[in-house]
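The following exercises are to be worked with the sequence and the three-dimensional model at hand. Each task is followed by a stepwise solution.

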Amino acid sequence: MTPAALAQAPVAPATPAPAPVPAPAPAQTTVERSAKGVAGKAIQVGVYLNVQPDCSSGPLPSIRLVTPPGNGTVSIKRGKISATNYKQCLALEVPGFIAFYQSKADFAGTDTVTLEVKFPQGRTELQRITINVGVGPAGQKI
């Protein structure tokens, strides 16, 4: 066929590409946890890290406060986490996030906080943490 004949040759209508199938959303799980401590003092309520199969650190998860506590505050600090016999790792030191809860100084009772933790692999976890806050030891009076 000559180039002119090709230009006038009927063209079959293009069929639309099939619509992409959306990937299933990563599963979200809810985890119930608890912690306890004394009023007005920092209470560790979570440790978040990402250890690879070769015992090195991977990207850290992102953490978001979903439901704040009613009688205190939550803070997230970055630090080095040391552990022994974690998964297949005999000893390791990796960066991580540590979540702390601190109640009002005069609060005693139960408080609740919900954190959303998004892991780099796509998994999302809601952590509902119940904190039992007791009164600290009485101070010595002089």
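A disulfide is taken here as a pair of cysteine sulfur atoms within 2.5 Å. The model is predicted.

**Exercise 1. Determine how many disulfides the chain holds, which residues form the link, and its handedness.**

Step 1. Apply the distance rule: the count comes to one disulfide.

Step 2. Identify the partners. C55 is joined to C89, with an S to S distance of 2.1 Å, which is within the cut-off of 2.5 Å.

Step 3. Read the torsion. The angle about the S-S bond is -105°, and the link of C55 and C89 is left-handed.

**Exercise 2. Classify C55 and C89 as buried, partly exposed or exposed.**

Step 1. Recall the limits: buried means under 20% relative accessible area, exposed means over 50%, and partly exposed lies in between.

Step 2. C55 has a relative accessibility of 26% and therefore counts as partly exposed.

Step 3. C89 has a relative accessibility of 1% and therefore counts as buried.

**Exercise 3. State the secondary structure content and describe the open sheet of four strands.**

Step 1. Along the sequence they follow the pattern α-β-β-β-β-β-β-β.

Step 2. Order the strands. The open sheet of four strands runs β1-β7-β6-β3, and its pairing is mixed.

Step 3. Find the edges. β1 (28–38) and β3 each have a single partner strand, so one side of each is left without a neighbour in the sheet.

Step 4. Examine one pair. Strand β6 (residues 109–118) and strand β7 (residues 124–134) run antiparallel and are joined by ten bridges. Within β7, V133 stands opposite G109.

**Exercise 4. Summarise burial, contact range and accessible surface for the chain.**

Step 1. Of the 142 residues in the chain, 27% are buried.

Step 2. Take the contacts between residues at least 6 apart in sequence: 64% of them join residues at least 24 apart.

Step 3. The chain exposes about 9700 Å², of which carbon and sulfur atoms supply 58%.

Terms used:
Residues are numbered from 1 along each chain as its sequence is written. This is a predicted model: local features need pLDDT of at least 70, side-chain atom pairs count only at pLDDT 80 or more; totals for chains, interfaces and linings use all residues. Side-chain values use heavy atoms; hydrogens and water are left out. Buried means under 20% relative accessible area, exposed over 50%, partly exposed in between (1.4 Å probe, protein chains only). Helices (H or I, at least four residues) and strands (E, at least two) are DSSP runs, numbered from the N terminus. Contact means heavy atoms within 4.5 Å. Accessible areas come from the Shrake-Rupley method with a 1.4 Å probe; for residues, only the protein chains shown count as cover. Two strands pair if DSSP finds at least two bridges between them.
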